[in-house]
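Please look through the sequence and the structure below before reading on. The notes that follow take up the ligand surroundings and then the packing of helices.

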Amino acid sequence: MANSVAFIVVLLAALGFFVFSSIRLVKLVSLGKAGNRLDATGTRIKNVLVVALGQSKLLREPFAGLMHFFIFWGFVILLSAILEAIVQGVVPGVTLELLGPLFPPLAVLQETMGILVVLACLLGLARWWLFPPKRYFGPEISAHVRFDATLILLVILTIIVSMLGSYAARMGISGHPADARFISARFAGLFGDPHQARIWDMVFWWVHLIAVLGFLNYLPYSKHLHILTSIPNVFFASLKPRGELAKLDLEDENAEKFGAEDIRDLTWKQLLDGFTCTDCGRCTSVCPAHQTGKALSPRKIIMNIRERTSELAPCLLRGTEDQHQDVAAHRLLGHYVTDEELWACTSCRACMEECPVMIEHVPAIMDMRRFLVLSESRFPPELTATYKNLETNYTPWAFSHESRADWAKGLDVRTMAEAGDGVDVLYWVGCAGSYDQRYQKVARAMVKLMHAAGIRFAILGTEEKCNGDLARRSGNEYLAQMLMTENVATLNKYKFKRILATCPHCYNTLKNEYPQFGGHYQVTLHTAFLDELMQSGKLRVGQQAHGKVVFHDPCYAGRYNGIYDAPRRSLAACGANLVEMRHARDKGFCCGAGGGRMFMEETVGKRVNIERTEEALLLNPQTIASACPFCMTMLTDGVKAKDADEKVQVRDVAEILADALL
Ligand code: SF4
Ligand code: SF4
């Protein structure tokens, strides 16, 4: 009786403190801006099943993923044992044997998972102390991460060992080892006579429950907070197209500033991201900027959001901001995150692809860039000329707008205005296809292929303007919206079945962002279009001797829009001996040009394009194939810098197919 009373007091105190911590956490997160994440509940539940419960993203790293998988599922199954122990504290003598025929299989499962969790914890401890993964020990990861992980693993070990010990002691009391408890039964004889076994049972039971309740209350204040927040975070993850950045309401007369300077400018989901980060470093380990020595670490950005929320939010909740001048003077941007970090991002999305709890790094980085550009006019000086060109020439370069369609002279290409009653395909040439001498060859190859396939197509000519991706992803939302709105007005004048783009950035923006401005179109990337023409027999190519070919996945074709197989099928169809780089498909490594980086200086660390080119050259290819004008420029520069341009060609898939036409 005294034992039960003592336990109920401990239980209520522990649960009370846990509820207090949880409410505090919800209040902190609620300080963020509103945002609806309750649509399409079915898809959200599916994400939870696959990503959170199925641990699909963690399993991208098989060793660490499997360890985590066993610990997670082991813990879920062992919750039944924990509940049993809690109920016994209130109603002594109740056991899971009440479940009748369900008890033996459950007991076997508990014992099996118990021993697997013990093994996983021991392996986890060995990993942290003997062979830690590099991603945890970059210059910015401190010893507290290892301390926290060690503490958590030791507490989990204590919970499981005390559970098995308690079962063993109980069998020592009864003298009848249960077959289903095939592990604990082996230790039943260790506890001496029934009286001593009873004392051991009591000790194990208290240790077990104090460890469980302590664990529960430590979680809200530890890096393992994700145990509580990751399922909600996955549930609330964005369901919008991956390549769609949110539209900023520039008409909002009440807005004191545009973009995000501090945590109050972020949404509640972005604050929840901060509290869900496991500090695992997977995002930073794949970040091309970080890998080449830039200041940027996506892990740090997310942890900074958490640190700043933890610093400012309690003052806001208590209304004591004025009494903490230092806290009030800080901002997320400036005190925690620097301009240099933000401008290093290529928007490649590798971080988001890897994050096991679906944290959204890129929108947070872009929101802060928007603040820098729109509210502070603070951006790399190189962008001044780029923005000026975009405003006056509708292209990032200093070419006259009137010459936009000159590349097509003599190619029998009509403009939409000339086509009159509409076409099947509106070919969106893009700025590179229009002006960049190297990429004009790709535009011409595309025309040759479409003529060969008998496609009824036309271009906008001088009615086409930059799609707005560069302006938007470099934070200049005002300029981006201007270009997007004008292009939509032009496109909506004409009749066509779909838009074809030879640039993944144009493709992504037209497809995923133009609907924000009333432009709803069927948009196809050229690699997918060419694959379709070949599959339907409209295009026929011969097998040519291309030698070894490596395909570099453009981020905005691959990770953002899932186009991986089409270009590979086309290359294989014309005889390429395709070999894959270590970083391929959704693990692809950026060329370094996205997010406006193409138009900014790269003076810190190694150049991203050199890193990528070196990876390609390791395979001794004759051709590096790709499907993006930015990748084309960056890889061509890389090959030249490595003095390999005599041996290695950088070509677009369309060029290779045009040469192989039968
Ligand atoms: S989007 Fe790419 S460059 Fe930017 S933080 Fe993520 S991984 Fe790094
Ligand atoms: S943001 Fe995601 S991948 Fe990066 S450290 Fe946090 S949990 Fe890991």
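Around ligand 2 there are 13 residues, of which Cys 277, Cys 280, Cys 283, Cys 355 and His 361 come nearest, where a residue is near a molecule if one of its heavy atoms lies within 4 Å of it. The model is a predicted one, in which local features need pLDDT of at least 70, side-chain atom pairs count only at pLDDT 80 or more, and totals for chains, interfaces and linings use all residues. Residues are numbered from 1 along each chain as its sequence is written, chains are lettered from A and ligands numbered from 1 in the order in which they are written, and side-chain values use heavy atoms, with hydrogens and water left out.

**Ligand shells**

- By class, the shell around ligand 2 holds 7 nonpolar, 3 polar and 3 charged residues (Ala, Val, Leu, Ile, Met, Phe, Trp, Tyr, Cys and Pro count as nonpolar, Asp, Glu, Lys and Arg as charged, and the others, Gly among them, as polar).
- Ligand 1 also has 13 residues around it, and the nearest are Cys 287, Cys 345, Cys 348, Arg 349 and Cys 351.
- Two or more residues of the shell around ligand 1 are given by each of the elements α15 (350-354) and α16 (361-375), helices being DSSP runs of H or I with at least four residues, numbered from the N terminus.
- The shell around ligand 1 divides into 10 nonpolar, 2 polar and 1 charged residues.

**Helix packing**

- Helix α3 (residues 62-90) packs against helix α5 (residues 143-174) at an angle of about 50°, with their axes 11 Å apart.
- That angle makes α3 oblique to α5, since angles under 35 degrees count as roughly parallel, over 145 as roughly antiparallel, 65 to 115 as roughly perpendicular and the rest as oblique.
- Helix α2 (residues 41-53) and helix α7 (residues 226-235) pack at about 140°, with their axes 8 Å apart, and are therefore oblique to each other.

Conventions: Axes are lines fitted to C-alpha atoms, for helices over the stretch in contact, and angles run from 0 to 180 degrees between N-to-C directions.
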